[in-house]
Amino acid sequence: MMFTDELQREAAPIIDAIYEDDFIQGIIKGNIDKEAIRHYLKADHLYLNEFAKIYSLLIAKLNNKEDIRFLLDQIDFVINGEVSAHYTMADYVGEDYEAIIAGGEWYPSSDHYIKHMYYNAYKYDDASYTICAMAPCPYVYQQLALKIQANHDLTDNPLKEWVDFYAVNMSELMNRLNNWVNRFAETTTEENRDILRRNFLESCIHEKRFFDMAYRQEEWFYV
Ligand SMILES: Cc1ncc(CO)c(N)n1
């Protein structure tokens with residue numbers, strides 16, 4: 001079994017728990033509180049901006065021109081492509097997207113997630129540590145979308161296009177990220193593999209907390 005297969009096997013219970021949580025169950029039913037979606041968009045717009053910037057830190061760790069070209073394409077996808085998934089959510093809320101995301105911030109759970117990725121990008125020279133912290137972003141969404149599609153008919157669900165987007169757009173990225181990590185994992189120490197494993201599983205938990213953050217409309221200060 002490849003190292004990343006082991007990671008994904010260990011992540012399965014976390015993804016199952018996310019699937020059962022209120023945010024995803026609300027997506028499945030097509031009746032999630034619009035305030036939860038507004039809060040999600042406020043946070044996720046900023047999260048994706050940082051995700052794109054962290055890709056640029058990864059580029060500095062790579063030498064292969066084709067790998068660098070791929071990450072440049074991923075920066076474009078995150079900034080200009082994934083916004084279509086956000087537009088689906090804005091349509092559900094019934095408000096202008098730019099108006100919704102205005103005033104967003106790194107709420108506590110999103111702040112922790114973003115800094116987990118940056119910490120690894122600045123601490124380690126090898127890209128694999130950062131990639132393991134970033135990989136649950138596409139992987140968890142892909143697995144949730146595929147599980148929703150397999151278990152539910154979303155024909156009349158106003159958030160169907162959000163699910164469909166993540167079911168189809170993550171495969172090439174996951175293959176590339178997995179290849180990078182597996183190549184490094186084959187030659188590094190068990191101690192370093194444990195760091196990679198923890199980075200990946202912590203980010204799966206960060207994904208769970210991000211959805212919960214949106215559902216609870218988490219803020220820094222309750223006054
Ligand atoms: C927090 C978060 N994780 C993953 C994705 C999927 O790209 C996203 N848009 N936001």
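Biologist: What is the average pLDDT of the protein chain?

Modeller: The structure is a predicted model, and its scores are ipTM 0.99 and pTM 0.97. Of the residues, 99% score at least 70. The chain average for pLDDT is 97.

Biologist: Which residues does UniProt give for the feature "domain: Thiaminase-2/PQQC", and how much of that span is helix?

Modeller: The feature comes from an unreviewed UniProt entry, which places it at residues 10–216. The end C-alpha atoms of that span lie 27 Å apart.

Biologist: Which helix gives the largest share of the lining of the largest cavity?

Modeller: The model has three cavities of 30 Å³ or more, and the largest cavity holds about 140 Å³ of space. Its lining has 19 residues, and those closest to the centre are Tyr47, Leu48, Glu82, Cys137 and Pro138. Helices H3 (34–59), H4 (65–81), H9 (136–151) and H12 (190–216) each supply at least two lining residues. The largest share, six residues, is from H3.

Biologist: How many nonpolar residues are in the lining of the largest cavity?

Modeller: Sorted by class, this lining includes three charged residues and one polar residue. The nonpolar residues in the lining of the largest cavity number 15.

Biologist: What is the volume of the largest pocket, and which helices each supply at least two residues of its lining?

Modeller: The volume of the largest pocket is about 200 Å³. Its lining has 13 residues, with Leu62, Asp126, Ala127, Trp180 and Arg183 the closest to the centre. The helices that each supply at least two of the lining residues are H8 (127–134) and H11 (171–187).

Biologist: How many charged residues are in the lining of the largest pocket?

Modeller: By class, five nonpolar and three polar residues are part of the lining of the largest pocket. The charged residues there number five.

Biologist: Which residues are linked with Glu6 in a network of salt bridges?

Modeller: The pair of Glu6 and Arg197 belongs to a network of salt bridges. Besides Glu6 and Arg197, the residues linked in this network are Glu10 and Asp194.

Biologist: Where do Lys160 and Asp164 lie, and how far apart are the N and O atoms of their salt bridge?

Modeller: Both residues lie in helix H10 (residues 160–168), four residues apart, which is about one turn of the helix. Lys160 counts as partly exposed because its relative accessibility is 31%, and Asp164 counts as partly exposed because its value is 22%. The side chains meet in a salt bridge with an N to O distance of 2.5 Å.

Biologist: Why does Arg193 count as buried, whereas Glu190 counts as partly exposed?

Modeller: Glu190 and Arg193 form a salt bridge, with 2.9 Å between the closest N and O atoms. Both lie in helix H12, three residues apart, about one turn of the helix. Buried means under 20% relative accessible area. Glu190 counts as partly exposed because its relative accessibility is 43%, and Arg193 counts as buried because its value is 18%.

Biologist: How far apart in space are Asn151 and Gly103?

Modeller: Asn151 has its place in helix H9 and is partly exposed, with a relative accessible area of 46%. In sequence, Asn151 and Gly103 are 48 residues apart. In space, their C-alpha to C-alpha distance is 36 Å.

Biologist: What is the phi of Gln217?

Modeller: Most residues other than glycine have a negative phi. Gln217 is found in the segment after H12 and counts as partly exposed at 29% relative accessibility. Although Gln217 is not a glycine, its phi is positive, at about 55°.

Note on methods: Residues numbered from 1 in each chain as written. Predicted model: local features only at pLDDT ≥ 70, side-chain atom pairs only at ≥ 80, totals over all residues. Heavy atoms only, no water. 1 Å grid on protein atoms, 1.4 Å probe; cavity = no way out; pocket = protein on both sides within 12 Å on 5 of 7 lines; lining within 4 Å. Points joined across faces, edges and corners; volume = space filled by probe spheres on them. Nonpolar A, V, L, I, M, F, W, Y, C, P; charged D, E, K, R; others polar. UniProt positions renumbered as here; feature names shortened; annotations may be inferred. Salt bridge = Lys/Arg side-chain N within 4 Å of Asp/Glu carboxyl O. Buried < 20%, exposed > 50% of the residue type's maximum accessible area, 1.4 Å probe, protein only. pLDDT = per-residue confidence, 0-100.
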